[in-house]
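I opened my notebook to look up a few features of one model. These are my entries, in the order I made them.

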Amino acid sequence: MVAFSKESLPSYNAIISAAAYITATTFLLNSLIPKPVENYFSSSFHRLCKRFSSQLVVVIDEFDGLTANHMFEAANIYLGTKVSSLTHRIKVSKPEKEQNLSVTVDKNEEIVDLFRGGSVKLKWVLQFEAIKQISKGDGRLGNSKTEFRYFELSFHKKHKDLVLNDYLPYILGKAKEIKEEKKVVRLFTVDYNGTDYWSSVALNHPATFSTMAMDPMMKKELIEDLDRFISRKDYYRRVGKAWKRGYLFYGPPGTGKSSLVAAMANYLKFDVYDLDLREVQCNSDLRRLLIGSSNRSILVIEDIDCNIGFQNRESGAGIAEDDKITLSGLLNFIDGLWSSCGDERIIVFTTNHKDRLDPALLRPGRMDVHVEMSFCTFSGFRILAYNYLKIEDHGLFPAIEELLSKVETTPAEIAGELMKSDYADAALQGLVRRLREKDSR
Ligand SMILES: Nc1ncnc2c1ncn2[C@@H]1O[C@H](COP(=O)(O)OP(=O)(O)OP(=O)(O)O)[C@@H](O)[C@H]1O
Ligand SMILES: [Mg+2]
């Protein structure tokens, strides 16, 4: 059995006296050094540490006063894509109107980002701070937020200018891109059996510019026109014009006018507001609806020739003369409204009969771009054959090319034929038969 001699252990008395000494010294120091002096030393110590630290910390609050801080929102979105194997906690949510899950970082998680090919290292941490609740006077606390969030971004001081001038603007741009990618385009129509106001569903229209069978040059010009329009925010502001663009799509039924609107919406990720003017009773209704539409959207008025005759409404009882909708009224109103509160607005009129349109609409400057959608050409057919049958060539192509040069056929008709079979041979034979029939009429 191993036993300790009494001498080998610190004596009980020695322990007691050491504890008493520490307690007494602490008490003495606490009472001798006044609090302000202690605080002075501790904050000086921190200042000293900071002076010798090479790190700069940028604080990005969630709110700037009462308004949301865009930089915070952008960082939150951006950092959600920077989650790595070193991250321990993330947050996941699914907003109702979005298809995908949205991932963001959780509090106190450190995310390291590398910029400029890894030469600049940046550390991000999301922090929360409790807000002191202000009592309402009756002893109850207000039900406002109890904490506020902010990001701390730290990096070497020498990168200060680079971070402020390049890195943070880069994050703003990236976050915008991520948001655009995730956005589900919506189609708004007026619910005339209920609220008499816009209601929306996901657009889910498969048309894109690559699936559109139309003149390749026209398609290219249209895409360039849209790109230019979107990139010209400062230009429109400088020249004092409303940031809007008007398109007129005309051509026979089934040539893809409505599909082209969907392709534009999918390309730009703009919502579509489909307005049937025949259902709108008067200018005040129209105003209410237009004011209720949002920026970055396409307002479509289909079949403008039927919509804007207004002959039926001229005799409409109960509508004051000056409250009747007229085309010039509509256009002037849109000009006025959108110059004051509209940004990135597109308006599209479609018609089967350009010749029947009110000359006011065709005047230069009214509709910026006129697009003719016409019968299917052979190059249009090739696009449809690829869309529907996934083929780029076939023995029947020369016969189809020759027939299409003689027979007026809409892309909708051709699409209908191609959908009849999954087998290219059968579908194309059916199409040739159909075209020959038309040719012999
Ligand atoms: N140019 C095209 N490219 C690809 N598909 C097309 C094209 N035109 C028509 N289609 C097909 O035909 C269908 C009907 O076309 P769409 O409704 O776009 O024609 P539209 O010109 O708007 O006709 P309407 O004048 O009757 O409104 C589309 O859903 C699409 O499948
Ligand atoms: Mg249409």
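Which residue in β13 is the bridge partner of aspartate 274? I looked it up and found valine 300. I am working with a predicted model, where local features need pLDDT of at least 70, side-chain atom pairs count only at pLDDT 80 or more, and totals for chains, interfaces and linings use all residues. Residues are numbered from 1 along each chain as its sequence is written, and chains are lettered from A and ligands numbered from 1 in the order in which they are written.

**Entry: the sheet**

I went on with the strands. Helices (H or I, at least four residues) and strands (E, at least two) are DSSP runs, numbered from the N terminus. Strand β12 (residues 271–274) pairs with strand β13 (residues 297–301) in the parallel sense, over 4 bridges. Two strands pair if DSSP finds at least two bridges between them.

I then traced the open sheet. It has 7 strands in the order β10-β9-β12-β13-β14-β11-β15, with mixed pairing. At the edges I found β10 and β15 (369–372); each has a single partner strand, so one side of each has no neighbour in the sheet.

Strand β9 (residues 186–190) pairs with β10 in the antiparallel sense over 5 bridges. Arginine 186 stands opposite alanine 202 in β10. Of the 5 residues of β10 (residues 198–202), the number buried is 0, so this strand lies largely in the open. A residue is buried if 20 or more other C-beta atoms, placed from the backbone, lie within 10 Å of its own.

**Entry: alanine 74**

Is alanine 74 buried or exposed? I found it buried, with 22 other C-beta atoms within 10 Å. Alanine 74 is in helix α3 (residues 70–79). Leaving out residues up to four places away in sequence, alanine 74 touches Ile171, Leu172 and Ala175. Contact here requires C-beta atoms, placed from the backbone, within 7 Å.

**Entry: two helices**

I checked helix α8 (residues 283–291) against helix α11 (residues 327–341). Their axes come within 11 Å and cross at roughly 35°. Axes are lines fitted to C-alpha atoms, for helices over the stretch in contact, and angles run from 0 to 180 degrees between N-to-C directions. Among the residues that meet are Leu286 and Leu290 in α8, and Phe333 and Leu337 in α11.

**Entry: ligand 1**

I counted 16 residues around ligand 1. Those that come nearest are Pro253, Gly256, Ser259, Pro411 and Ala412. A residue is near if its C-beta atom, placed from the backbone, lies within 6 Å. Helices α7 (257–268) and α15 (411–418) each supply at least two residues of this shell.

How values were computed: Contact = placed C-beta atoms within 7 Å. Buried ≥ 20, exposed ≤ 12 C-beta atoms within 10 Å, placed from the backbone.
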